[in-house]
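Please open the structure in a viewer and keep the selection tool at hand.

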Amino acid sequence: MMFHIQNPNRPLPLQLELIGVDHHQEPIVRPGGMPFFQWFYCVKGQGEFIVNGQRSIISQGQGLLIYPEIPHVYQAVSDDWTVHFIGFGGSACREILHALQMYETGVYHLSIPEIFERHLRTICLIHDRSISDHTKNDPLEFSRECYGFLLDLCPSVSRIYPSAQKNTNERITSVISYIEEHYAEDLSLDELAAHAGLSREYLCALFKQTMQQTLSHFILSIRVSRARALLLTHPDMKILDIAHTCGFQSPSYFGKMFKRETGVTPETFRKSPSHSVQ
């Protein structure tokens with residue numbers, strides 16, 4: 001399913017332009033880019049994205065942000081490459097994305113995939129409701145939902161930097177998937193290196209080159225992201241239990257690392273969810 005949003009003659013600072021759900025992606029070549037921002041989420045299969053002569057592989061669970069008027073190419077690597085996507089524009093977009101530290105076109109790892117899918121469902125419900133009621137879509141409703149999505153997206157994305165070799169990207173993607181499945185356990189570097197089929201030293205170097213952060217910091221960010229979600233969705237769950245569930249060995253260490261990453265303690269974060277975009 002794909003549909004365009006009819007926007008008012010007076011543009012909003014942030015407005016939704018286009019939406020696609022479970023789209024079987026065809027090859028696209030755009031020498032002049034698009035006039036608005038695009039966000040893709042890979043539901044199934046793999047595709048490749050080429051910009052400025054650099055090639056990245058987009059796998060299931062990963063996102064792709066494309067800034068306006070950036071020449072690009074993307075196409076399927078597997079026969080079943082399926083994506084969700086939105087297009088959005090407006091005078092405030094660039095400022096919002098920069099504030100959320102999403103400065104450039106590229107592929108992003110999404111540690112909490114449910115974020116995009118939840119907002120996507122809401123956008124579709126707004127659209128479907130207008131059809132059933134025989135009313136016009138309300139651009140303000142779409143704008144609010146798009147803004148909420150961008151705010152929620154920030155804490156769960158990490159940029160994946162392009163690699164010249166498909167095999168390199170796939171090895172790192174495999175390690176990321178393994179971390180996401182086992183983040184609650186006591187992960188060791190030896191264990192991750194064995195999973196990737198690489199030496200400890202080479203895995204660390206390759207991971208930092210691809211993700212622009214250390215392997216240990218990435219594991220920490222995954223655990224903190226999961227803790228954020230639990231703090232908000234399980235208000236009665238004890239901090240001690242959240243710490244253990246997310247792979248932290250002690251509540252004190254959890255509190256220290258959580259504050260280092262977010263700027264607030266877990267207790268403060270739970271009471272004031274607006275801190276989630278810091």
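The stops below name what to select and describe what is found there.

**The whole chain**

Begin with the entire protein chain in a cartoon view, and bear in mind that this is a predicted model. The chain has 10 helices and 11 strands. Its radius of gyration is 20 Å, close to the 19 Å that the globule rule gives for 278 residues, so the chain is as compact as a globular protein of that length. Taken along the principal axes, the C-alpha atoms fill a box of roughly 55 × 45 × 30 Å. Of the 278 residues, 52% count as buried. Among contacts with a separation of 6 or more, 72% join residues 24 or more positions apart.

**The largest nonpolar core**

Next, select Phe49, Ile179, Leu192, Leu203 and Leu215, and show their side chains. These are the residues with the most contacts inside the largest nonpolar core, which has 36 residues. Which elements each supply at least two residues of this core? They are the strands β4 (37–44), β5 (46–51), β7 (62–66) and β9 (82–89), together with the helices α4 (166–182), α5 (189–196), α6 (200–211) and α7 (215–233). The largest share, 5 residues, comes from α4. In soluble globular proteins, nonpolar side chains tend to be buried together.

Now centre the view on Leu192. Beyond the residues up to four places away in sequence, Leu192 touches Val175, Tyr178, Ile179, Leu187, Leu203, Leu215 and Ile219. A second, separate core has 35 residues, and Met102, Ile115, Cys124 and Cys146 are included in it.

**Helices α5 and α6**

On the α5 side, the contact is formed by Leu189, Asp190, Leu192, Ala193 and Ala196, which meet Arg200, Leu203 and Cys204 in α6. By class, this contact has 6 nonpolar residues, no polar ones and 2 charged ones.

Leu189 touches Arg200, Leu203, Cys204 and Leu215, leaving aside residues up to four places away in sequence. A distance label may be drawn here: the C-alpha atoms of Leu189 and Cys204 are 8.7 Å apart in space, while the two residues are 15 apart in sequence.

**Helices α2 and α3**

Move on to helix α2 (residues 114–132) and helix α3 (residues 139–153). The two axes come within 9 Å and cross at roughly 175°. As a result of that angle, α2 is roughly antiparallel to α3. Show the side chains of Ile115, Phe116, Arg118, His119, Thr122, Ile123, Ile126, His127 and Arg129 in α2; these meet Glu141, Phe142, Glu145, Gly148, Phe149, Asp152 and Leu153 in α3. The residues of this contact divide into 7 nonpolar, 4 polar and 5 charged. Ile115, named in this contact, is also one of the residues of the second core.

**Helices α7 and α9**

The following stop is α7 with helix α9 (residues 251–262). These helices pack at an angle of about 95°, with their axes 10 Å apart. They are therefore roughly perpendicular to each other. From α7, His217, Leu220, Val224, Ala227, Arg228 and Leu231 meet Phe254, Met257, Phe258, Arg260, Glu261 and Thr262 in α9. By class, the contact has 7 nonpolar, 2 polar and 3 charged residues.

While α7 is displayed, select Ser225, which lies in that helix. Ser225 is buried, with a relative accessible area of 5%. Apart from residues up to four places away in sequence, Ser225 touches Ser111, Ile112, Pro155 and Ser156.

**Two residues with positive phi**

Asp22 lies in strand β2 (residues 15–24). Although Asp22 is not a glycine, it has a positive phi of about 50°. Where is Glu69 found? Glu69 is in the loop between β7 and β8 (72–76). Its phi is near 60°, a positive value in a residue other than glycine. With a relative accessibility of 59%, Glu69 counts as exposed, whereas Ser225 from the previous stop is buried.

Notes. Residues numbered from 1 in each chain as written. Predicted model: local features only at pLDDT ≥ 70, side-chain atom pairs only at ≥ 80, totals over all residues. Heavy atoms only, no water. Core = buried A, V, L, I, M, F, W, Y, C linked by side-chain atoms within 4.5 Å. Buried < 20%, exposed > 50% of the residue type's maximum accessible area, 1.4 Å probe, protein only. Helix = DSSP H or I, 4+ residues; strand = E, 2+ residues; numbered from the N terminus. Contact = heavy atoms within 4.5 Å. Axes fitted to C-alpha atoms, helices over the stretch in contact; angles between N-to-C directions. Parallel < 35°, antiparallel > 145°, perpendicular 65-115°, else oblique. Nonpolar A, V, L, I, M, F, W, Y, C, P; charged D, E, K, R; others polar. Rg over C-alpha atoms; globule rule 2.2 N^0.38 Å.
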